[in-house]
Amino acid sequence: MKRLTLFAICILVIAALTTLVSYDMFVDVMTRMALLWAMGLGWMSLGYVIARRLRRLDIVDTMWGGAFVVMIVGGLLLQSGRIEEFDVQLLVTVMVVLWGARLMWHIGRRFARSSRQDARYTELTNDWKDALGLRAFVSIFVLQSFLALMIAIPVIHIVLSENQSFTIWTAIGFAVWLFGLIVEIIADHQLRVFMQSPKNKGKLLTTGLRAWSRNPSYFGEMCVWWGLAVMALGTQHGWVGLIGALTITYLLMYVTGVPLAEKNAATKPGWKEYAERTSRLVPLPPRN
């Protein structure tokens, strides 16, 4: 499944580039994409400056949601329509701003409460000569700005398209997005409340949404971006939005999300029994 997802992303990217060339839109679209990436990179570069000042690379997690907000608002300003009209472009922009701002607020609070860098980044940079040097900037901040651009493709496609109108895809996609956002908010809130109690230190949260899924926050985030990809299907060549949905799915399932979360959870008492009875991602009734 991992290789199949990566293969699908590659095929869609090739198909998208071929389509741009065949419609003589390659230069125009790539120029706009480059401008949006520059905006996202500028935002992440600010994060790098803060990281050097605080000597904490994990500030990048707080900056992550803001990169989407910066690029999508920038995309709305670059589009050809009238911004003051409430259309699909404005709707998806508001949706991404709400999602990104909430994510920044949630992770930012966690960052502010912690006095030390997230162990993931310490482990990553252990063998680097300069943990806060150029390699960190390129490997963490520049890379994440590019991944954000890839994930945001369905929304970028919508806001840069002309003559958008509401369709059944808009309604379905919005419903999926809203469901995912609600799941993500509830899961994050439940974990935060659980972690705030000193008696739960070193324990697993196995109640609430986590009685049905070991990673409900990541499930919710995937739904958010699949919802936006579905909304893009209501536009011409909207299938390109699947690139973003598949990219976030690949990253969360096989790279940064679920694998790292479960690696950490596996060190806690009761993990084996919990993992055997609880779905890895999609919320399902616990197995007996």
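The model is predicted: local features need pLDDT of at least 70, side-chain atom pairs count only at pLDDT 80 or more, and totals for chains, interfaces and linings use all residues. Residues are numbered from 1 along each chain as its sequence is written, and side-chain values use heavy atoms, without hydrogens and water.

**Arg116**
- Arg116 sits in the loop between helix H4 (88-113) and helix H5 (119-124). Helices are DSSP runs (H or I, at least four residues), numbered from the N terminus.
- Arg116 is exposed because its relative accessibility is 64%. The classes are buried (under 20% relative accessible area), exposed (over 50%) and partly exposed (in between), using a 1.4 Å probe and protein chains only.
- Setting aside neighbours within four places in sequence, Arg116 contacts Arg56 and Asp58. Contact means heavy atoms within 4.5 Å.
- Asp58 is 58 residues away from Arg116 along the chain, and their C-alpha atoms are 9.3 Å apart.

**Cysteines**
- The structure has zero disulfides. A disulfide is a pair of cysteine sulfur atoms within 2.5 Å.
- Cys10 has a relative accessible area of 41%, so Cys10 is partly exposed.
- Cys223 reaches 12% relative accessibility, so Cys223 is buried.

**Leu4**
- Leu4 belongs to helix H1 (residues 2-22).
- Leu4 is exposed because its relative accessibility is 54%.

Definitions and conventions:
Helices (H or I, at least four residues) and strands (E, at least two) are DSSP runs, numbered from the N terminus.
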